[in-house]
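Subject: Structure handover

Hello,

Here is the structure you asked to look at. My notes are below it.

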Amino acid sequence: VKSLLEQTRAKIYVLVRSPDECRGRQRLRAAMESMGPCPAGLMQMFEARVFPVCGDLGQPQLGLTQEVWDLLVNEIDTVFHNGATVNYLLNYDRMRDANVMGTNEVLRLAFDGRPKSFNYVSTTFVFGWAVKKVLYETDMNQNMELLDFGYSQSKWVAEQVVMDARRQGLATRIFRPALVSPSVTGGGNNFDIAVRLVAFMVNHGIGVDALNQVSFVPADITADNIVAISTTPRTVNKTYHVVRDD
């Protein structure tokens, strides 16, 4: 949201789990403030241009009333689908509603009403625990190698759904971040697996020698790049790896 506010002039509708718009806005404001100090100018843009939409990614039609659905499909021209259940312990069945069916519902919203572009935030985990030297943006792990946990499986399936929508004529971009760490200024989720992993290594004085590729990119840099690419001409219908290595 911060990157969209800074790089565009758009009104931003944000799906949020909340019983009413007032508490939904409070949740979004708290999320903004969790990144660290927010300049007054940024918060003024937030209050003027960000609109909470009460719903649920895991529900049919995103838990929206028909009236709200109709408003959105005819009002918006660009969709950023960044919502997911992110948990490396749950199995596929537990993650399917939000990660797969939720993606399907957001795609329905993108196809309905006025033409839209669809920006999907996937993950490099669609490659599973890849040990390849280079993961190409044109690759899609066609043989489903090393997808041995629910999160990677659900995101792989969701990406296939987006690619199918692309073949049906929807203008799409797929972004694959690796592990997203807290922002450059330290704001973010201190319970994130990236933070836990580094903290454990520091606290216990150990390093990890593994073949797996592990790429950390701060949340704000990840978001800034996704928004910048999505607003650049001739970037549609391509896949982008938002990582710091090969």
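This is a predicted model: local features need pLDDT of at least 70, side-chain atom pairs count only at pLDDT 80 or more; totals for chains, interfaces and linings use all residues.

Salt bridges

The structure contains 8 salt bridges. As background, side chains of opposite charge can pair when their charged atoms come close.

Glu6 is partly exposed, at 44% relative accessibility. Lys2 is also partly exposed, and its relative accessible area is 26%.

The next pair is Arg25 and Glu47, whose side chains meet in a salt bridge at 3.4 Å, N to O. Because Arg25 belongs to helix 2 (residues 21–33) and Glu47 to helix 3 (residues 40–49), this pair ties together parts that lie 22 residues apart in sequence. Arg25 counts as buried because its relative accessibility is 16%, under the 20% cut-off. Glu47, at 36%, counts as partly exposed.

The remaining pair to mention is Arg176 with Glu159, where the closest N and O atoms of the salt bridge are 2.5 Å apart. Arg176 sits in strand 5 (residues 171–177) and Glu159 in helix 6 (residues 150–167), so the bridge links distant parts of the chain, 17 residues apart. Arg176 is buried, with a relative accessible area of 0%. Glu159 is buried as well, at 1% relative accessibility.

There is also a network: Arg25, Arg29 and Glu47 are joined by salt bridges that share partners.

Helices 4 and 5

How do helix 4 and helix 5 lie, and at roughly what angle do their axes cross? The axes of helix 4 (residues 66–75) and helix 5 (residues 92–111) come within 8 Å and cross at roughly 60°. The two helices are therefore oblique to each other. On the helix 4 side, the contact is made by Trp69, Leu72 and Val73. Helix 5 contributes Glu105, Arg108 and Leu109. Sorted by class, this contact has 4 nonpolar residues, 2 charged residues and no polar ones.

Regards

How values were computed:
Residues are numbered from 1 along each chain as its sequence is written. Side-chain values use heavy atoms; hydrogens and water are left out. Axes are lines fitted to C-alpha atoms, for helices over the stretch in contact, and angles run from 0 to 180 degrees between N-to-C directions. Helices (H or I, at least four residues) and strands (E, at least two) are DSSP runs, numbered from the N terminus. Angles under 35 degrees count as roughly parallel, over 145 as roughly antiparallel, 65 to 115 as roughly perpendicular and the rest as oblique. Contact means heavy atoms within 4.5 Å. Ala, Val, Leu, Ile, Met, Phe, Trp, Tyr, Cys and Pro count as nonpolar, Asp, Glu, Lys and Arg as charged, and the others, Gly among them, as polar. A salt bridge is a side-chain nitrogen of Lys or Arg within 4 Å of a carboxyl oxygen of Asp or Glu. Buried means under 20% relative accessible area, exposed over 50%, partly exposed in between (1.4 Å probe, protein chains only).
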